[in-house]
Amino acid sequence: MPKIEIDGKPYEVAEGRTLLQAIDDLGLLMNGVEIPHYCWHPKLSIDGSCRLCQVEIEGVPKLQIACNTPVRDGMVIHTATERVATARQGVMELLLLNHPLDCPICDQAGECKLQDYAYEYGVPESRTQEPRRPAKKAVDLGPTIVLDQERCILCRRCVRFCREVPETGELGVFARGDESVLDVFPGRQLDNPYSMNVADLCPVGALTTRDFRFRIRVWFLDDVESVCAGCATGCNVLASRASNRVYRFVPRRNDAVNQTWICDEGRLSYKRVAEGRLDVATLRRRPASFDDAIGHAGLALREARAAGGRIVGVASPLASNEDLYVLRELLAALGADPGVFAVPRGEGDDILLSEERAPNAAGARALGFAESAEPVGRAAVALVLGHELAPAALAGVEQVIVLDSHASDVSAGAAVALPARWHLEMSGTFTNGARRVQRFLPVVEPRFEAYARGEILWRLGGAVGLDGWGGEYDVRAVSKRLSEQVPAFRGVSLATVGDQGRELG
Ligand code: SF4
Ligand code: SF4
Ligand code: FES
């Protein structure tokens, strides 16, 4: 492994990497080693066009761009010399020459790399008085993205993304020299299923999503680590919230899962936190208090148990590992068979989107639930955690008790329906299709009475009169118990998976 020195500190780096890649591999880029960069992106090909990443290398007369200079053993690099600072100032001055003074009305303000780098590495005043080059504002690139050509710094990240990831190539840089502009190819639209990633990639306010632009200033938002529940890939996201409202998902880097991308469908799935919710408990299809509904459900289970009636469990691939583990424990305590679950499916692709349109089918399998969409047969009571199994499959059940985050035909016809939290409203873990257990943290509080499915089941166990059930519910304790008692989950719990997840044994 080549040994190099950066600003007086020794590092060992992987063979065959460029300097910027090697520093990124070490986790030090802009996090200990400050090399500002625009065109370089860890998951795209190298462009070498912005020239901002120049560094000084001992024995090399000219400054070199770190993004396209291969590391070699013994290299001594300086990132903070006067020559480097002057070069950065020059690049920033050129980039700002034609940049409009839009910050007060630009939606990127507050998370703009041109603002940040101008402040850190630029010069405080402009040396030009000439008018800035005009270009087109608010250009419709397609259904999801709006372009401001004046703000574009021509880093071509968006162009490379469309060519290299969805391989649709809708974008290009047209004309030459200071006439150059970014645009879609004539007759095309930017409408691929991953189109909105270009807004995350764009270092400035040139590309913004129609969904998020002008909805809130970003400094009012704070970001919470979560995962997308749209499919079995479990892309890592940051959920941005303000005033108990979720405003957007943006991708969170996880090289083992989603690189730095998410699909458009998953990105917009944050809206489900406010759409179609099961927002009131019902008892025989009439609104009821949560306590009454739990009391009735507990009585139904107790009577079925006393009469030797069959109790069936229907798990859900939308429920967390912890919720499913509590269901497994409850079914065992009630003397019921291990439950079943069904998985919704759609079309997948070979980028990220999985055919399994649920986040935790692998968790349900690892916890011993059998996949089946067949009717559950005759039973006194069914405990149902979702709505993936069609109501017809529950036709032989006398009393259906549903715990769900969203309303459905199943909850509409249930004897008891209990509102459950969606994953953005609770802590827990999902196991993705590659058996990686990933955690999510609470982003918002529900606007109605709702609890995690595991907590409802815990209270239900208390209402049935099971020993040790009921009382305070602690998801961390459940997660710990799960990791101790289910061999596949050994050592894998909410407390140990960290922000990048961990594979099941
Ligand atoms: S629109 Fe943004 S990402 Fe695309 S070239 Fe311009 S600055 Fe770069
Ligand atoms: S690929 Fe799946 S998990 Fe990833 S963002 Fe899309 S729907 Fe969500
Ligand atoms: S980041 Fe190296 S030239 Fe742009």
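Analyst: Here's the tour, from ring pairs to charges over rings and then to a neighbouring helix. This is a predicted model, where local features need pLDDT of at least 70 and side-chain atom pairs pLDDT 80 or more, while totals for chains, interfaces and linings use all residues. Residues count from 1 along each chain as its sequence is written, chains are lettered from A and ligands numbered from 1 in written order, and side-chain values use heavy atoms, without hydrogens or water.

Counting Phe, Tyr and Trp rings (six-membered ring for Trp) with centres within 6.5 Å, you get 10 aromatic pairs. Take Phe174 and Phe185: their centres are 5.1 Å apart and their planes 75° apart, so the pair is edge-to-face (over 60 degrees; under 30 is stacked, the rest tilted). Phe174 belongs to strand E8 (residues 171-174), and Phe185 to the loop between strand E9 (181-184) and helix H5 (197-201), so this pair ties together parts 11 residues apart in sequence.

Now for Trp458 and Trp469, a tilted pair with 4.8 Å between centres and 40° between planes. Trp458 sits in helix H11 and Trp469 in the loop between H11 and helix H12 (475-485), so distant parts of the chain, 11 residues apart, are linked here. Both Trp458 and Trp469 are buried. There's a cluster too: ring pairs join Tyr38, Tyr117 and Tyr121.

Some rings carry a charge over the face (NZ of Lys or CZ of Arg within 6 Å of the ring centre and within 35 degrees of the normal). Arg248 lies over Phe212, 4.5 Å from the ring centre, and Arg459 over Tyr451, at 5.0 Å.

Back to H11 (453-464): this helix is among the elements covering the buried residues of helix H7, with contact meaning heavy atoms within 4.5 Å. Strands E19 (379-384) and E20 (397-404) are also on that list. The buried set in H7 includes Phe290, Ile294, His296 and Leu301. H7 itself has 17 residues, 290-306, and spans 24 Å between its end C-alphas, close to the expected 24 Å (1.5 Å times one less than the number of residues). Just past H7, Gly308 has a positive phi of about 70°.

How values were computed. Helix = DSSP H or I, 4+ residues; strand = E, 2+ residues; numbered from the N terminus. Buried < 20%, exposed > 50% of the residue type's maximum accessible area, 1.4 Å probe, protein only.
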